[in-house]
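Visitor: I would like to go through this model with you and ask, term by term, what each label rests on.
Guide: Gladly; here is the model we shall discuss.

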Amino acid sequence: MRKLLLCIGLSLCTFVFAFAQTIDLSGKITDAKDNSPLSGVTITSKGSKAHAITGTDGSFTIKINSKAKSLHISYIGYDEKDVVVGTESTINISLQASQKALNEVVVVGYGKALKKDITGSISNLAAKDVENFPEPSFESAIQGKAPGVVVSSGSGKLGQAIQINIRGISSISASSQPLYVVDGLPITTASMSDGTNDNTNPVADINPDDIESVQILKDASAAAIYGARAANGVVLITTKKGKAGQKTIVELNTSHGVSNPARKIHFLNAKQYVGLIEQSAINDGTYDFNNGITGYGSLSDAVTDFQTNVYEPVLDQFSLGTDWRNGAVNTNWQNALFEKNAPNNQVNVSVTGGSDKTRFFISGFYNTQDAIVINNKFSRYGTRFNIDHNVSDKLVFGLNLAVDRSQLNRITNDDAFSTPGQLVAQLPISPLIDPSTGLPNKQTLYPSGIYDALYDFDHQVTFRTIGNAYANLKILPSLSFQSEIGADILNLNENEFEGKESQDGGGVGRGSTVISQSVSLNTNNYFTFTPRINDDSKLNVVAGMSYLQNDYQHTFGQGEQYPSDAVKNLSGATSITGASTTNSRYTFLSYFLRASYTFHDKYLISASDRIDGSSRFGPQSRYGNFPAASLGWILSEENFLKDSRALSFLKLRVSYGLTGNSEIGEQQFRSLYSVANYPNLPGFTPTQLANPDLKWEKSKQTDIGLDYGFLKNRITGEIDYYKKHSTDLLLNTNIPLTTGYASIYQNLGSMDNSGYEFSITSRNLDGGFKWTTSFNIAYNKNKVGNIQGQIIQSADALLRAQQGSPIGSFYMQKFLGVDPQTGDALYADPTGKPTNDYESAGRFIVGKYTPDFTGGFTNSFAWKGFDLSVFFYFVTGNKVYNAAGRFMDDGFYNGFDNQMTEELNSWKNPGDKTNVPRAGYYYGSGASNSTRWLYKGDYLRLKNLTLGYNIPKSVTSSLKISSARFYVSGVNLLTFTKYPGDPEVNTNVVSNIAGGEDFYTIPQAKTFTVGLNVKF
């Protein structure tokens, strides 16, 4: 009994002693700015393994050693803090939001991280970079702000597709567009419009003012978590959300602007046009007489005959009886195609706030915009509802939902006579208004887009819902599970009508209808494991699966023979000339794993792997494996640099990984047959050869990067070198027509992209007058590898993908100038020697449409409530081809189109030294495709200038509002280039091979905007 009591006594003493060594410390952690509670903050006791995480109300309890002297507080996006432990059992702590770029939160695939802990290459853009920009789609706003990301807007048309290439073009036949992910949901970005017109841009359905941040994953380490769809990079879009403890804020953003063309081409006026006509008659008569072609008795007879029987009848016909000899009419057709001061209006209203339990963001918007070109309009309205709710300390639910409707009034593509862009071809002596009818003149050289617009329309209406719901369960303090399910539902209806009176209507009236629906369902389910190892080690592991299913349906119908233009839908057609329906489905099943480890806050390692299966490939090649790994070393934490006064931060990054591309559409590995619609004889015709071995296109990428900061991070930036090697290209290869087919998709060939990226941001002045400068520049070199002699070229055969050359290389005859004695155009023969015989000239690789260097330069100033931002964008090393040059700058050889003023310098007499060949409808020279119209595409553009004023607090308080900012902004204000038109155009819109061509393409818009931001 005595022994038993002794043991009990010793146990009690041990328990009491142990209890005396620990104490319970509780408290609450809040945001220093607005005193709102912070959930998920990590609290550790230095020198022990004790740790805790704050709940939704910011409260915590931690059991620490009684000898502990301090707590370490850390939270993403906030400055870390050490707090001395006193004798109190309760402690309240406030954290300051980090002002250091290195501590900003970066969204990565299936998670978030601090920028300083990132070992991949990611460009991060904030809400201020994309909001209040007078364009339908946010992509235009990020142009030049992320190194290595080239944003190309094809023209000044609204709603048109935008091409984005991240670190170059990686494929020839497959898409090179990046993957877009909105709040964890991959979205549809492919055009679903009428395939006979330009591609449109589904990304324009996203309201830029709803965007909180945009992360662009550029290297394999950052993007490989998205595996098979990440070879072209990934764009992560995070929308705005409420914060816990945030008071309800109502925000109103409204703006009004006007737009005009940024640049115009200089064309002849009526007097100059008639003068060139007279010179052409002289040239043709002289050439004919000197060469004895017709057999005129004298030079005077030859010239007179050409004047009276060739040229003057044309002027008589198209002047509609007006006195063209005395300049009675001088129509500027280029001005007529533009809408002067085209208006745009935007209204955005949002409500955001939150409590300890629920956070929310609700917005509504209405935008209307007229393009600078007539008959092209875009309008959009919709709403967004984002909510996060804490059911308990362990379970959180959330929903991100956006619903919107947009309408796009389209114009025809650049190659159609009815497009307004081709109005510049009309004669300046032709009246704009027919004096006999009072209507727009239809008796023009070519069908008039102004006249056709009275009877034609193409209206596209899109309804779109993008929603993603999630639940996050905290199983353990270090283990959570998140399940997401989302949908992207896009419904498009396009109705086109061409009245009887119009050229496109052909005297019978034509109509068509397109009904397209794309439904994407996506689910992500993954665990996040963040165990507490010790003070020196941090581990983050993500493991899960993803499933994506897309169902697409496209119905097209067209008819003609309308009894009246009063009935403009398809039911009015008495003859149905075509109809088709397409149904398709593709699926992705994926498993992914990522682990990131940090040791001593200076040694970083990350590895990921993703296995993707896709229905786009045959059973034997359906799955692909896409691993990646990266290392980081924060040198500035080493003893030999830690005490440096100049150097604040220095991190070396190295990564290598594999990503994939499957963007070739559906069923490309199968044998396909089409229904033969021959009357009363139904059947099938073969349309595609099978290739059951078709598999993933792969890109292996190496990245070496350096992140730096100097002078207490007043100067920060990044330097990167990358090399991307794409193999097993999904190439639509040419095969002999004797097989009965023209091409087949094969895994053939390779492509290389390599380059450098550099960015720097400096806070030059930081007192009452603030001045910040940001600069970035990127260089990319592209080369097509071994494609076994295949030559893949554009529809007009002017650009191609050729082994050993950059993709999108121009391939044409070299123009060498003009023979001073004859006025003949001179070209290079295959040996490089001059020849005036175009048919004997050789064709050469003469440049490319992709730039060598791109970049941006921003200066931001702030002083006493005023703020000013000036942003320049530049491109160099590319070429632009004026494909319309052989009509608008050919000296009438291909027609009587109005000419560029350059033709005033055309050759006239023997001995003339000029680069503009002899003009003439019959015997002109230099009117075929050549480098004569190939220009340097270099340009420097004042992309954006914004001046704002924040109304003083004393004024806003009296008005019962929290804040108000008034601003004026200009877009595309100045352009410096040697190209005669707008260098930022591409008639082919989105293409890997065809680019940099201007064929009567609408220039970019110069826009002035006045806006007001008010918070209540």
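Guide: What follows is a conversation about labels and the values behind them.

Visitor: What kind of model is this, and how many helices and strands does the protein have?
Guide: The model is a predicted one, and the protein in it has nine helices and 53 strands.

Visitor: How do you know whether the radius of gyration agrees with that of a compact globule?
Guide: A compact globule with 1016 residues would have a radius of gyration near 31 Å, and the protein has 33 Å, so the value agrees with the rule. The C-alpha trace, for its part, spans about 145 × 70 × 65 Å along the principal axes.

Visitor: What share of the residues is buried, and what share of the contacts links residues 24 or more positions apart?
Guide: Buried residues make up 53% of the 1016 residues, while residues 24 or more positions apart account for 69% of the contacts with a separation of 6 or more. The protein exposes about 43,300 Å², of which carbon and sulfur atoms supply 57%.

Visitor: Why is D370 called buried?
Guide: The relative accessible area of D370 is 14%, and the label applies under 20%, so D370 counts as buried. This residue lies in strand 19, which covers residues 358–370.

Visitor: What makes the pair D370 and K377 a polar contact?
Guide: The side chains of D370 and K377 are joined at 2.8 Å, and the cut-off for a pair of N or O atoms is 3.5 Å, so the distance falls within the limit. Leaving aside neighbours within four places in sequence, D370 is also in contact with other residues, among them L158, E339 and P343.

Visitor: What makes D117 and K538 a salt bridge, and where do the two residues lie?
Guide: Their side chains meet at 3.9 Å, N to O, and the limit is 4 Å, so the pair is counted. D117 sits in the loop between strand 9 (111–114) and strand 10 (122–126), whereas K538 is in strand 26 (residues 537–560), 421 residues apart. K538 itself is partly exposed, with a relative accessible area of 34%.

Visitor: How many salt bridges does the structure hold, and which residues are linked in a network of them?
Guide: The structure holds 44 salt bridges, and a network of them links R167, K218, K651, R653, D703, D707, D720 and E757.

Visitor: How do you know that strand 50 and strand 51 pair?
Guide: Eleven bridges join strand 50 (residues 939–950) to strand 51 (residues 963–977), and pairing needs at least two, so the two strands pair, here in the antiparallel sense. G948 stands opposite Y967 in strand 51. Strand 51 also pairs with strand 53 (residues 1005–1015), antiparallel and over nine bridges, with K1015 in strand 53 as the bridge partner of S963.

Visitor: Why are strand 49 and strand 52 said to stand at the edges?
Guide: The open sheet in question has three strands in the order 49-48-52, with mixed pairing. Strand 49 (934–936) and strand 52 (997–998) each have a single partner strand, so one side of each is left without a neighbour in the sheet.

Visitor: What makes strand 48 and strand 52 a pair?
Guide: Strand 48 (residues 879–882) and strand 52 share two bridges in the parallel sense, and because at least two are required, the pair meets the criterion. In strand 52, E997 is the bridge partner of Y881.

Technical notes. Residues are numbered from 1 along each chain as its sequence is written. This is a predicted model: local features need pLDDT of at least 70, side-chain atom pairs count only at pLDDT 80 or more; totals for chains, interfaces and linings use all residues. Side-chain values use heavy atoms; hydrogens and water are left out. Helices (H or I, at least four residues) and strands (E, at least two) are DSSP runs, numbered from the N terminus. Buried means under 20% relative accessible area, exposed over 50%, partly exposed in between (1.4 Å probe, protein chains only). A polar contact is a pair of N or O atoms within 3.5 Å; within protein, one must be able to donate a hydrogen and the other to accept it, and residues adjacent in sequence count only if both atoms are side-chain atoms. Contact means heavy atoms within 4.5 Å. The radius of gyration is taken over C-alpha atoms; the globule rule is 2.2 Å times the number of residues to the power 0.38. Accessible areas come from the Shrake-Rupley method with a 1.4 Å probe; for residues, only the protein chains shown count as cover.
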